[in-house]
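Have the structure open as you read.

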Amino acid sequence: MAGGRAIKSRIKSTKSIQQITKAMEAVSAVKMRKSESAAIKGRGYALYALNILQKIHNSLSEDIKKTSPLFETREGNKKCIVVIASDKGLAGSFNSNVFKKASLLIEKETSPISVITVGKRSREFFERRGIKIVRSFEGFGDFALLDEVVPLSDFILNTFLSKEFDKIDVIYTNFVSALKQEVLVRPLLPLNEEVLKEVVANILPESGKFSDIKKETTNNQKVEYKFEPGASEIAENLVPSLVRLEIFHSVLEANASEHAARMVAMKNASTNAKEMIGTLTIKYNKERQAQITKELIEITSGKEALAAQLEE
């Protein structure tokens, strides 16, 4: 019964895999809830940061806008994209969806695009394709802290301020729910009214929690403010901090999306393993029944042959 032993071995190994995927599903569920909570809590800060940016942008005169280079729109075509993926795999189509969006963006551009990668998988993807990587960032952890993301945000700001790039976009996965994550391409720098409106449209839900903030942000866009000690000081010191917050928020959303995608992937793997175990068990039982039937036939045939010899 060599075939039966092979099937029994497959059943045993599949059960071991099922135990692993169930454990990973449980771990990912816990991590998803924690990272989701962090992303949702950070979402409120990010939205008010956008609100402040909009108020500053709409209230400053054109001359004062020039005091903050982050608002400067340049005619050059040096573009960079920040691609946020994961350090680990086994997350279903989480990384592949991000890379697909990035690849389409690169193909559409007529001039070369540089890439800042976030996550080990992101770096490996672009290295295999020979695309220029300006710098790689890894190890932000399952629940990134603001201090951990500071090197990334400072590097992005410095490359723009030094005019190494004229435009910087960020590609990341926005957490919608445990079953739905959406890959977004978001203009990051330079800051302008259109960019801010697009960010608000992408980040804010139409209903439910934080939907009231959307109404407030929209209603207050055209309100003029007086700044103390001065608008130029506000633009110089506050705007970069708010941009850092927006970058941090993108990482939080990507973390929550990664754990949700991995939880669903492990759940599907566990379900597939269960189905495979059922199929293999039926096959094993059929093989075993066939072997038993064969042995019974052989015994019966031997008995009849022996009886015939005795009669002679």
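Lys79 counts as buried because its relative accessibility is 9%, where buried means under 20% relative accessible area, exposed over 50% and partly exposed in between, with a 1.4 Å probe and protein chains only. This is a predicted model, so local features need pLDDT of at least 70 and side-chain atom pairs count only at pLDDT 80 or more, while totals for chains, interfaces and linings use all residues. Residues are numbered from 1 along each chain as its sequence is written, and side-chain values use heavy atoms, leaving out hydrogens and water.

What does Lys79 pair with? Lys79 forms a salt bridge with Glu109, that is, a side-chain nitrogen of Lys or Arg within 4 Å of a carboxyl oxygen of Asp or Glu. The pair ties together distant parts of the chain, 30 residues apart: Lys79 sits in strand S1 (residues 79-84), and Glu109 in the loop between H3 and strand S2 (113-118). Helices (H or I, at least four residues) and strands (E, at least two) are DSSP runs, numbered from the N terminus. Glu109 is partly exposed, at 28% relative accessibility. Salt bridges with shared partners also bring in Asp169, joining Lys79, Glu109 and Asp169 into one network.

The salt-bridge count comes to eight; here are some of them.

| Pair | Closest N and O atoms |
|---|---|
| Lys79 and Glu109 | 3.2 Å |
| Glu124 and Arg121 | 4.0 Å |
| Arg123 and Glu138 | 2.5 Å |

Glu138 is partly exposed at 37%. Glu124 and Arg121 stay within helix H4, three residues apart, so about one helical turn separates them. Both ends are partly exposed: Glu124 has 23% relative accessible area and Arg121 has 34%.

Now for the helix pair. H3 (residues 94-108) and H4 (residues 120-128) pack at about 45 degrees, with axes 11 Å apart; axes are lines fitted to C-alpha atoms, for helices over the stretch in contact, and angles run from 0 to 180 degrees between N-to-C directions. That makes H3 oblique to H4, since angles under 35 degrees count as roughly parallel, over 145 as roughly antiparallel, 65 to 115 as roughly perpendicular and the rest as oblique. On the H3 side, the contact (heavy atoms within 4.5 Å) uses Asn95, Phe99, Ala102, Ser103 and Ile106, and on the H4 side Arg121, Ser122, Phe125 and Phe126.
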